[in-house]
Amino acid sequence: MYKYFLTLLVLFYSQHQMNAQPVVDSLKMSLKHLKHTERIDQLNQIFRQYVCSRPDSALVYHALLKTDLKKLDYARGEVETVKNYGTMKYCMGQLDSALYYFEQAAQQAREDEVADLEGVLYNNMGSMYRMKGEIDKALINYQKCRNVGLQLNDTLLILSSTNGLGDLLKKRGYLDSALNYFLAAEQMAMSNQNLRMLVPTRLNIYAIYFKSQPENLNEAEINETKKWAEELNDKISIASLLQLLGGKYYNDRAYDQAIKVMEEGLSVLEGLSELYVSINLNQGIANAYEKKGEYLKAISYNNEGIALAKKGGMSAELLHLYGNNASNYLELKNYPEAIKHANLALSFTDSTEIDEYVPEIHEYLARIYAETGEFERAYAAQREHYLTYKEFEFRKNKQQLAELQTQYETEKKEAAIASLSQQAVIQGLEIEQKNLTISIGAVFVILIGGVIFFTYRQRSFKNKQAQMELEQRFLRSQLNPHFISNALLAVQNFMLKNQADQAATYLSKFAKLMRETLENSRQEFIPIEDEVQMLTNYLDIHKMRMNNAFDFDIHLDENIDPESDTIPPMFIQPFVENAIVHGMEPEKRKGNISLHFAKEGEFITIAVKDNGGGYSSIRPENMERRSLSTTIIRERINLFNKSLKRKIQLVLVDITSENGEIMGAKVELKVPFQYV
């Protein structure tokens with residue numbers, strides 16, 4: 001079975017700007033003679049040329065644009081700059097970040113009435129949501145793009161959104177309807193002699209043929225389309241067409257030729273920050289090697305695809321790639337790895353709609369358990385195979401039946417109108433009118449029911465969110481009462497000793513900390529620089545209170561952007577407090593506390609270390625208070641994890657020397673981050 005299917009993504013007005021250095025050189029030459037809006041437009045053109053091919057150079061021009069836009073009120077320039085920045089994030093595989101910037105740009109375009117760019121941004125967001133598997137959101141954005149295109153009579157917007165809507169129908173399984181959209185888009189592109197849209201439109205048509213009508217695939221026509229893509233220097237489409245040819249050779253069992261063509265596709269994409277087609281090419285090559293019985297090579301190419309899919313957060317692709325690895329490890333009789341990869345594949349079934357491969361993965365597990373003698377597990381896996389296959393077939397048959405019924409009803413009405421007499425036609429029209437009235441009434445009732453249901457669900461969701469936020473704030477407020485008490489006692493102690501200056505300094509720092517705590521407690525995520533500032537102030541206060549009994553340092557890795565990367569507030573402070581109160585007490589030497597922030601994949605990892613006696617040395621009278629603090633923070637983590645896809649992780653350990661001596665305590669906290 002060919003386990004991947006050509007999927008094309010078109011980022012409107014941005015895909016075809018790569019590797020055009022002569023154009024860039026010309027733009028740079030004319031840049032020095034331009035001022036005001038013309039200069040910003042020219043800078044944006046250069047910026048757009050670099051966003052996918054040379055992101056470092058692109059950032060230089062982005063900085064110039066931001067500087068110029070501060071001096072000039074130019075709405076189109078601002079929207080274009082944010083749009084291009086979002087495109088750069090897409091090319092880097094950061095889909096959520098790309099969506100954020102596209103949404104910001106679309107909102108500004110709508111407010112400033114820059115309608116053509118607004119339509120482009122809706123199309124881009126439709127493509128992003130399509131990649132993420134969020135079909136309803138993709139549909140909304142493609143429809144918005146189409147509406148803008150119709151208002152402006154912009155053929156390119158209409159054509160692009162038509163392609164997008166066809167792709168969504170293909171995704172839902174309505175291949176015939178999707179093909180009609182693509183054929184209409186092809187006619188539109190040919191009428192306007194627009195090769196830039198004709199190439200991706202034909203790719204979509206070939207994808208439908210590949211899936212349901214392979215006899216209509218014409219190798220000569222594919223090569224003709226490839227020549228057009230080469231004229232446009234559209235490397236992504238060239239690679240996609242090579243992927244398609246490779247798939248055709250695969251189906252013809254010409255596996256060596258399939259591998260050769262798809263390897264050529266990968267070489268075309270070298271140097272480009274592109275993920276989607278690269279993943280499919282790696283997967284296609286892996287499938288060909290699997291058919292040849294070269295399982296280790298197949299696993300190697302699947303792993304290349306997995307690395308790219310992880311970078312882009314592409315759940316559907318990870319499901320297929322891990323599943324393919326499970327199949328290869330099964331053939332190699334490496335059962336532990338086969339089970340591991342099968343379960344990894346199944347872990348992505350909740351976050352993707354592409355689930356036709358799930359029954360096959362359960363079948364792999366059934367074979368593995370049967371061959372290892374675990375017959376109860378084999379039976380359970382075989383049952384899951386049967387149930388998921390039955391569910392998939394039911395849904396597929398339902399979709400096919402809906403299309404056939406629509407087609408049958410249309411043909412039936414046309415035949416009846418052609419054969420009936422005038423009187424019969426009139427009677428038929430009367431009946432249709434009654435049916436239409438009933439149908440309208442039924443639709444009206446369904447709409448009202450739908451509105452009531454979604455209103456109730458939205459209200460319930462908002463109430464739940466509000467409750468969770470209140471619980472979060474309550475838990476945050478539980479973390480500090482004893483600290484406040486200690487702080488006020490310290491101020492009193494300074495005053496009793498006639499140390500007015502120190503009391504004033506201490507009280508000023510304490511007031512600043514309270515203000516930061518109150519401000520941060522209202523936010524679910526805050527910039528890392530705000531968290532670091534609050535922790536620094538907190539540690540300074542304790543250091544004063546304890547007569548410089550310890551030193552501390554806070555280090556941020558260079559890959560962290562303290563202004564843009566955000567984390568949930570007040571998670572680290574309780575562990576810093578434990579390090580001060582419990583980590584310093586058992587030791588006679590001067591204390592040392594270090595905090596280290598690092599970015600690891602989709603998480604910010606924070607390590608808190610002290611040189612105290614470790615967790616095992618905490619005195620019984622302090623154990624209850626430490627337990628309460630830990631319980632509160634764990635409750636807060638559990639609350640956060642209910643609403644987060646990427647779960648917060650916590651590890652508490654003692655630091656030991658080579659001979660087993662306890663040298664201190666370490667807390668490692670992994671929290672998901674967001675971009676501002």
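Being 4 residues apart in helix α18, Glu 371 and Arg 367 are separated by about one helical turn. An α-helix has 3.6 residues a turn, so residues three or four places apart point the same way. In this model, which is predicted, the side chains of Glu 371 and Arg 367 do meet in a salt bridge, with an N to O distance of 4.0 Å. Arg 367 counts as partly exposed, at 36% relative accessibility, and Glu 371 is likewise partly exposed, with a relative accessible area of 35%.

Helix α18 covers residues 358–371, and at 1.5 Å a residue its 14 residues should span 20 Å, which agrees with the 20 Å between its end C-alpha atoms. After α18 comes Gly 373, whose phi is positive, near 80°.

How many of the 14 residues of α18 are buried? The number is 10, so the helix is largely enclosed by the rest of the structure.

## Packing of α12 against α13

Helix α12 (residues 235–251) and helix α13 (residues 255–268) pack at an angle of about 170°, their axes being 8 Å apart. The two helices are therefore roughly antiparallel to each other, the angle being over the 145 degrees that this term requires.

On the α12 side, the residues of the contact include Ile 238, Ala 239, Leu 242, Leu 245 and Tyr 249, while those on the α13 side include Tyr 255, Ala 258, Val 261, Met 262 and Val 268. The residues of this contact divide into 11 nonpolar, 4 polar and 2 charged; Lys 235 in α12 and Glu 264 in α13 are among the residues that meet there.

## Salt bridges elsewhere and the overall fold

The structure holds 24 salt bridges. Side chains of opposite charge can pair when their charged atoms come close. One of these bridges joins Lys 666 to Glu 668, with the closest N and O atoms 3.8 Å apart; here Lys 666 counts as partly exposed at 23% relative accessibility, and Glu 668 counts as partly exposed at 26%. Elsewhere, Asp 96, Lys 132, Glu 134 and Lys 137 are linked in a network of salt bridges.

Taken as a whole, the protein has 25 helices and 8 strands, and 48% of its 676 residues count as buried. Among contacts in the protein with a separation of 6 or more, 66% are accounted for by residues 24 or more positions apart.

Definitions and conventions:
Residues numbered from 1 in each chain as written. Predicted model: local features only at pLDDT ≥ 70, side-chain atom pairs only at ≥ 80, totals over all residues. Heavy atoms only, no water. Expected span 1.5 Å × (residues − 1). Buried < 20%, exposed > 50% of the residue type's maximum accessible area, 1.4 Å probe, protein only. Axes fitted to C-alpha atoms, helices over the stretch in contact; angles between N-to-C directions. Parallel < 35°, antiparallel > 145°, perpendicular 65-115°, else oblique. Contact = heavy atoms within 4.5 Å. Nonpolar A, V, L, I, M, F, W, Y, C, P; charged D, E, K, R; others polar.
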